[in-house]
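Reader: I should like to go through this model term by term. Please set each value against the criterion behind it.

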Amino acid sequence: MTEKNPTICIIDDNPEDREVFRRYLLQDTRYRYQFYEEETGEDGLTLCRKIQPDCILLDYKLPDIDGLEFLANLADNSGSIPFAVIMLAGLGDESIALQAMKSGAQDYLVKDEMTPGNLFRAIHNAIERTTMRRTLEKHQQDLEQKNQEIQAFAYALAHDLRAPLRAITGFSQIVEEDYKNVLDADGRHYVENIVHACTQMDRLIEDLLNYTRIEHRAIRYKPVALGYMISQIVEGLTERINQTQAVILIAEDLPMVYGDSTLINQIFINLLENALVYRKPDRQIELSLTWMQEDDFVVVRLADNGIGIDPKHYEKIFSLFQRLHSDDLYPGTGIGLAIVKKATDLLGGQVWVESTLGIGSTFFVKLPVYIL
Ligand code: ADP
C-alpha cells in the first residue's frame, strides 16, 4: 500500500459498471489508482485477502454470494472487517445498504446515483481510514516489540545483577559475623544496613525475574487441583502463619481449574503473602478462602481482615511498582499483584478486589473450570 497509488478491488459481475468506475476514478487528480477486478464473491474474497487493497468497491448483487455474506467472510476473528468496503446498492436497496454498514462496510453508494464526485469522496475517506488503521496497527506492533525488548532487557539485567549481589551479601555477612568485635557500634550498624539493603534488592530481583519469566515461558495447560496447590502454599508459609498466629479457613471442596500450575501457584502465593503482610497490627489475622462457580469459570475469593484498600486504588495496585505504603511500614516491591494480573490475563481469567478501608479486602480470582 502506498499513499500515492492506492489499490482498489472492484468486485462486480457487470463489466460495464466496472468500466464506468474505472473511468470515473481515472479522472481523480488526487491519486493514481491500481485496479484489481473480480466478478464473483468467492474470487473477490481470494483477491482481497491476497492483495490487501486500500479500498473495496463491492456490488451487493453478485452471482454466487451477496454483499453481506461477502462481508461476513471478510471479518477477522474479532468480527470486525479489516478493510474499507464501499457497498454498491441498487436504487431502493437502502435497507440493505444500512445492514451493510452495520456489518462493517464503511460506506455505501447507490449505483444509479453515482457521480465521480461522490465516488471520489467515498474512496478518499476509505483510503484515509485504511491508512490510519494500518499506521495504528504498525504502531501497535512496534510497541509490542519494544515491550518485549524491554522485558528481555529487564530479565537479563536482573539475572546478571544476581551474581555481584550474592558476593556483596556474602561478604557483608562475613563482616557482620566475624568482625563484630573489631567494629564499633557505628560500624556494626552500617554493615547491618548493607545486609538489609541486600535482602531487599535480592527480593526485588527475584520478583522482577518472576514477572519477566511469565512472559517468556510457554504456558502449559493442564487440570490443576486447587485444594492440593493451596495446601502446599499454606504449608510453605507455616513459619509466617505461626509467627503471626493467623487463622486461615480454606474451603474443603476447592475445585479443579484448567491452566498452568506455575502461573496459578504464583497467583495464590502472592495473594496469600499479601494477606499476611497488610494486616492491622492490633488485630489477629483472619483469612478465608472460598469459591463459587460462574458458568465455565471458578471464582476464588480470598478475604482478609487487614488494613483495606481505598476504592480509588483498586486498579492501580495491579500495575508494576505501584505501592500504597512505604517500605518501613510494609516491606514490598510492588511487583506481586502485577504478577497476579499478568498470570490471570494469560490464563484467560480475571482478578479484582473489593475492600473497605480499615476492615479488610477480598481478592477475586476467576479462572477457567476444569470439566471432566
Ligand atoms: P507489594 O506487596 O510488594 O508492595 P503488590 O503488587 O503485591 O506489591 O501490592 C501492591 C500494593 O497493594 C501493596 O503495596 C499494598 O499497598 C496493596 N495491597 C496488596 N494486597 C493488599 C491487601 N491484602 N490488603 C491491603 N493492601 C494490599
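Reader: What makes β12 largely enclosed by the rest of the structure?

Author: The model is a predicted one. A residue is called buried when its relative accessible area is under 20%. In β12, 9 of the 9 residues are buried, so the strand is largely enclosed by the rest of the structure.

Reader: Which residues of β12 point one way and which the other way?

Author: Gly360, Thr362, Phe364, Lys366 and Pro368 point one way, whereas Ser361, Phe363, Val365 and Leu367 point the other way. Both sets are buried. In a regular strand the side chains alternate between the two faces of the sheet.

Reader: How do you know that β12 pairs with β10 and with β11?

Author: Two strands are said to pair if at least two bridges are found between them. Val300 stands opposite Val365 in β12, and the bridge partner of Leu302 in β12 is Phe363. β11 (residues 350-356) and β12 also pair in the antiparallel sense, over 7 bridges. There, Ser355 has Ser361 as its bridge partner. The hairpin of β11 and β12 has 3 residues between the strands, and Gly358 takes a positive phi near 85° in it.

Reader: What joins β9 to β10?

Author: Strand β9 (residues 286-294) is joined to β10 (residues 297-303) by 7 bridges, and the two run antiparallel.

Reader: Which residues touch the most other members of the largest nonpolar core?

Author: This core has 49 residues, and Ile264, Ile267, Phe268, Leu271, Leu272, Phe363 and Leu367 touch the most other members. Helix α9 (residues 261-277) gives the most to the core, with 8 residues.

Reader: How do you know that this core lies between domain 2 and domain 3?

Author: Domain 2 (142-216) and domain 3 (220-372) both give residues to the core, so it lies between them. Apart from it lies another core, of 21 residues, including Leu68, Phe70, Leu71 and Met87. In soluble globular proteins, nonpolar side chains tend to be buried together. The division of the protein chain also includes domain 1 (7-114), and the C-alpha centres of domain 1 and domain 3 lie 52 Å apart.

Reader: With what is Ile264 in contact, leaving aside its neighbours within four places in sequence?

Author: Ile264 is in contact with Val224, Leu226, Met229, Val257, Gly259, Leu347 and Leu367.

Reader: How do you know that the span of α9 agrees with its number of residues?

Author: At 1.5 Å a residue, the 17 residues of α9 should span 24 Å, and the end C-alpha atoms are 24 Å apart, which agrees. At the start of α9, a side-chain oxygen of Asp260 reaches to within 2.9 Å of the backbone nitrogen of Thr262. That distance may be set against the limit for a polar contact, within 3.5 Å.

Reader: Why is Asn270 called buried?

Author: Its relative accessibility is 11%, so Asn270 counts as buried under the limit of under 20%. Asn270 lies in helix α9, where the buried residues also include Leu263, Gln266 and Ala275. The side chain of Asn270 reaches the backbone oxygen of Gln266 at 2.8 Å. Leaving aside its neighbours within four places in sequence, Asn270 is in contact with Gly336, Ile339 and Val340.

Terms used: Residues are numbered from 1 along each chain as its sequence is written. This is a predicted model: local features need pLDDT of at least 70, side-chain atom pairs count only at pLDDT 80 or more; totals for chains, interfaces and linings use all residues. Side-chain values use heavy atoms; hydrogens and water are left out. A nonpolar core is a set of buried Ala, Val, Leu, Ile, Met, Phe, Trp, Tyr and Cys residues joined through side-chain atoms within 4.5 Å. Buried means under 20% relative accessible area, exposed over 50%, partly exposed in between (1.4 Å probe, protein chains only). Helices (H or I, at least four residues) and strands (E, at least two) are DSSP runs, numbered from the N terminus. Domain bounds come from an automatic or database domain assignment. Contact means heavy atoms within 4.5 Å. The expected span of a helix is 1.5 Å times one less than its number of residues. A polar contact is a pair of N or O atoms within 3.5 Å; within protein, one must be able to donate a hydrogen and the other to accept it, and residues adjacent in sequence count only if both atoms are side-chain atoms.
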